[in-house]
Amino acid sequence: MRLALLPVLLVAAPALAADGAALFETHCASCHAAVSGAPAGAGPNLGGLMGRAVASDPDYDYSPVLRAARDAGEVWDPATLERFLRDPEAMFPGIWMGGTSLRGDTDRAAIAAYLAGQAP
Ligand code: HEC
């Protein structure tokens, strides 16, 4: 019985893990929009995040640590976002966003891929 289920799981798992839109909905959308022109929520709008300077949603009042990163010229790309999501506080001590409930590298990569497809 268990062996019979294994191929099903092996086929289904990557498909589920790669669904960045669903992961975003579950883990991020309560605080973030990711659509061009959407208003900020508890967190800034993440539409067009890749290639965008850190802390650059004009409608959002960022913490000092993120504003300092912007002033230092830091820019978001997929690798930076994945490192950030692993431990936001380690990258930006004093940030107002807590840790995420994402489980692993595959989920973080799927979120990064999803956000890379969201237009500015
Ligand atoms: C409970 C609310 C909350 C959740 C859930 C949350 N965030 Fe945040 N996020 C914030 C807040 C608040 C900030 C602004 C932090 C600051 O100014 O220090 C932020 C900032 C960010 C930034 C920096 C944006 C910029 O303009 O530079 C990114 C990127 C980000 N979040 C991604 C995510 C992703 C991806 C998820 C889901 C895995 C997520 N966040 C989940 C509240 C949240």
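Is L102 buried or exposed? L102 is buried, with a relative accessible area of 9%. The model is predicted. The protein has six helices and zero strands. The iron atom of the ligand is coordinated by H32 and M97.

**Fold and surface**
- From the N terminus on, the elements run α-α-α-α-α-α.
- The protein has 120 residues, and buried residues make up 35% of them.
- Take the contacts between residues at least 6 apart in sequence: 45% of them join residues at least 24 apart.

**Confidence**
- Mean pLDDT for the protein is 88. A value of 70 or more is reached by 85% of the residues.
- Helix α3 has the highest confidence, at 98.
- Helix α1 (residues 2–17) has the lowest, at a mean of 51.
- Over residues 9–17, pLDDT stays under 50. For this stretch the model has four contacts beyond four places in sequence.

**Iron site**
- H32 coordinates through NE2 and M97 through SD, at 1.9 to 2.2 Å.
- H32 counts as buried because its relative accessibility is 13%, under the 20% cut-off.
- M97 counts as partly exposed, at 26% relative accessibility.

**Nonpolar core**
- The largest nonpolar core holds 24 residues. W76, L81, F84, F92, I111 and L115 touch the most other members.
- Helices α2, α3, α4 (78–86) and α6 each give two or more residues to this core.
- The largest share, four residues, comes from α6.
- In soluble globular proteins, nonpolar side chains tend to be buried together.
- Leaving out residues up to four places away in sequence, W76 touches L49, M50, G51, R52, A53, V54, A55, L81, F84, M91 and F92.

**Loop between α2 and α3**
- S63 has its place in this loop. S63 is buried, with a relative accessible area of 3%.
- Beyond its neighbours within four places in sequence, S63 is in contact with G94, I95 and W96.
- N45 lies in the loop between α2 and α3. With a relative accessible area of 6%, N45 is buried.
- Residues up to four places away in sequence aside, N45 touches A33, A34, V35, S36, G37, A38, A40, R52 and D57.

**Loop between α5 and α6**
- L102 is found in this loop. At a relative accessible area of 9%, L102 is buried.
- L102 and L85 are 17 residues apart along the chain. Their C-alpha atoms are separated by 8.0 Å.
- Setting aside neighbours within four places in sequence, L102 is in contact with H27, L85, D107, R108 and I111. Among these, I111 is one of the core residues that touch the most other members.

Conventions
Residues numbered from 1 in each chain as written. Predicted model: local features only at pLDDT ≥ 70, side-chain atom pairs only at ≥ 80, totals over all residues. Heavy atoms only, no water. Donors = N, O, S within 2.8 Å, 3.2 Å for Na, K, Ca; no water. Buried < 20%, exposed > 50% of the residue type's maximum accessible area, 1.4 Å probe, protein only. Contact = heavy atoms within 4.5 Å. Core = buried A, V, L, I, M, F, W, Y, C linked by side-chain atoms within 4.5 Å. pLDDT = per-residue confidence, 0-100.
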